[in-house]
Amino acid sequence: MKIGILGAGGIAVQMAKTVAGMKDVENYAVAARSFERAQAFAEKYGFSKAYGSYEEMLADPQVDLVYIATPHSHHYLHAKMCLEAGKNVLCEKAFTVNADQARKLFALAKEKNLLITEAIWTRYMPSRKMIDDIISSGVIGEVTAVTANLNYAISEVERIRKPELAGGALLDVGVYTINFASMVLGDKLKNVQATAIFREGVDMLDTIAMVFEGDRMATLQCGAREISDRMGSIFGTKGYIQVQNINNPEKITVFDKEHKEVAAYMPPAQITGYEYEVEACARAIAQGEKECPEMPHDETVRVMEIMDGIRKSWGYEIPLYE
């Protein structure tokens, strides 16, 4: 499978390094807003083709899958371009700015008979099944609560601090905390309440409380100006699980009701962690599927709706590029 990367920023570097270490997947093409930038990227990371415009790369019939690595604000526009050009799409999280944009892309992909999926890597990682299996074993009893935090000191990064680039903590890191809670507690959500601290027009520190059916709750924090421990905890009636780094789990530890460690699990070695979403796309394309089971379209829309509701409660609107 030949990969084309749309955008040549930092996250594109991570994907290029990932694909370079994979079998049956090739770093084929990269497109940037200038040919010089694309060419420098291609030479450094071993791409066969470099393009000075997105349209040029999308016209290349050899590109099998396009990875969108541009700011959140432009995901909808660029994914739409890819689909209209007949390309399968792996779009970086947050998938779009809002749920309506996501629905439009999924409808277009269906019309064009193409695969499109959200590149939220935690949904594709082996650690997800590991956590699910621990919960299913009953070792911590009935799960009733989840806590998670994910904060990075990235407030000076342009795509974070600018409203016109759909900046802020929620779309960039909050999406991981909401997905973490959803992967454990499901989709039967009763109520969401959130508060935020804003700086220069974007949310920089958010606290989110989610109440699910069955009297279960998730309490989440995400931020773009401080460092946190990135810990996720899953609490049950007989014990609890701690996940070290919910953004890329490094260790999963199980404790009993006496707070004694009873088991610890280490996720398998990885290239970067991005390989799992690429492998999922390759499988889906080979099987003629139009979405990846790891992150169904309905789930992407549901998470986007949660974030839409949170922003609405704040009276915060993001400029749209369509």
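Biologist: Which residues line the second largest pocket?

Modeller: A general idea to start with: rolling a probe the size of a water molecule over the atoms shows where empty space is left. Do keep in mind that this is a predicted model. Here the second largest pocket is lined by Val97, Asn98, Asp308, Arg311, Lys312, Gly315, Tyr316, Glu317, Ile318 and Leu320. Its volume is about 170 Å³, and its lining has four nonpolar, two polar and four charged residues.

Biologist: What volume does the largest pocket have, and which elements contribute to its lining?

Modeller: The largest pocket has a volume of about 960 Å³. Helix H1 (10-20), helix H4 (75-84), helix H7 (158-161) and H8 each give two or more residues to the lining of this pocket. The largest share, four residues, comes from H1. In total 38 residues line the largest pocket, and Ile11, Ala69, Thr70, Pro71 and Arg159 lie nearest its centre. By class, that lining divides into 17 nonpolar, 12 polar and nine charged residues.

Biologist: Now the cavities. How many reach 30 Å³ or more?

Modeller: A cavity is a space where the probe fits but cannot get out. In this model there are two cavities of 30 Å³ or more. About 100 Å³ of space lies in the largest cavity, and Thr122, Arg128, Phe180 and Ile246 are among the residues that line it. Helix H6 (126-137) and helix H8 (169-185) each supply at least two residues of this lining, with the largest share, four residues, coming from H6. The lining of the largest cavity comprises seven nonpolar, two polar and two charged residues.

Biologist: And what lines the second largest cavity?

Modeller: Its lining consists of Met125, Pro126, Ser127, Asn248, Pro249, Pro267, Pro268, Gln270 and Tyr276. This cavity holds about 40 Å³ of space, and its lining has six nonpolar, three polar and no charged residues.

Biologist: Last one: in what order do the strands of the sheet run?

Modeller: In general, strands of a sheet pair through backbone hydrogen bonds, either parallel or antiparallel. Here six strands form an open sheet in the order E3-E2-E1-E4-E5-E6, with parallel pairing. Strand E3 (49-51) and strand E6 (116-119) are the edge strands, each pairing on one side only. From one strand to the next, the twist averages 20°.

Terms used. Residues are numbered from 1 along each chain as its sequence is written. This is a predicted model: local features need pLDDT of at least 70, side-chain atom pairs count only at pLDDT 80 or more; totals for chains, interfaces and linings use all residues. Side-chain values use heavy atoms; hydrogens and water are left out. Two strands pair if DSSP finds at least two bridges between them. Axes are lines fitted to C-alpha atoms, for helices over the stretch in contact, and angles run from 0 to 180 degrees between N-to-C directions. On a 1 Å grid over the protein atoms alone, a cavity is a set of points where a 1.4 Å probe fits but cannot get out, and a pocket is an open set with protein on both sides within 12 Å along at least five of seven lines; lining residues have an atom within 4 Å of a point. Grid points are joined across faces, edges and corners, and a volume is the space filled by probe spheres set on the points. Ala, Val, Leu, Ile, Met, Phe, Trp, Tyr, Cys and Pro count as nonpolar, Asp, Glu, Lys and Arg as charged, and the others, Gly among them, as polar.
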